[in-house]
Amino acid sequence: MKFTVSSSVLLKHLSVCNRAVAQKTPEPILSCILFKAEGTLLHLTSTDGEMTISTCFELPSIQEEGAVCIPAKLLIDTLKAYPDIPLEFSLDEEHQQVKVSFDQGVKVGNFSLQYEPESDFFHFPELNPDAKDELTMPG
C-alpha cells in the first residue's frame, strides 16, 4: 500500500471514524482504523464491536493498493501536530510498520506506526446496493 494524502483531509475523515473506535478494549484491533486503498479511493472503517463507521474519499493517486489496520489514537494525535501538508504512506512489511513521510522543502520528516493485518479486522457482510429491501413500521 502506498499513497499520498493531505494531512487535514485525512484528519477530518479520521475524526469521523474515531467515534466508533473502542477506547478500552481487551481486543487491540478494536482500537484501530482499517485503511483500504483501492483504485482512487481511500476507505476508512472503524468499529467498537457494536457500531461501525465507514468513510471514503478520493485521492490524487494511489501508487500501490492494499489494506492495513492502524492504531487510531496514535495516528490522530500525531496528525494534529502537523499543518496541512501532503503525507506519503507506505508499508514496511518486513517490520510490519506504516511509514509516513513528508517533504515541504525546508521541513522534511517521517514517522512510523506499527500496523495490524487487514485479516485481523472484523469483517461484516457486504450490503448489496442493487437490493431493494423495504422496512415498514407503523406510525
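Start at L34, whose bridge partner in strand 6 is C69. This is a predicted model, in which local features need pLDDT of at least 70, side-chain atom pairs count only at pLDDT 80 or more, and totals for chains, interfaces and linings use all residues. Residues are numbered from 1 along each chain as its sequence is written, and side-chain values use heavy atoms, with hydrogens and water left out.

Strand 2 (residues 32-38) and strand 6 (residues 66-71) run antiparallel, joined by six bridges; strands pair if DSSP finds at least two bridges between them. Helices (H or I, at least four residues) and strands (E, at least two) are DSSP runs, numbered from the N terminus. C69 also has a bridge partner in strand 10, namely E116. Strand 10 (residues 116-117) runs antiparallel to strand 6, with two bridges joining them.

Now for the helices. Helix 1 (residues 7-17) packs with helix 2 (residues 72-79) at an angle of about 140°, the axes lying 10 Å apart. Those axes are lines fitted to C-alpha atoms over the stretch in contact, and angles run from 0 to 180 degrees between N-to-C directions. The two helices are therefore oblique to each other, the label for whatever is not under 35 degrees (roughly parallel), over 145 (roughly antiparallel) or 65 to 115 (roughly perpendicular). L10, L11 and L14 of helix 1 meet L75, I76 and L79 of helix 2, where contact means heavy atoms within 4.5 Å.

Take L79, which sits in helix 2. L79 is buried, with a relative accessible area of 1% (buried means under 20%, exposed over 50%, partly exposed in between, with a 1.4 Å probe and protein chains only). Leaving aside neighbours within four places in sequence, L79 touches L10, L11, L14, L87 and F111.
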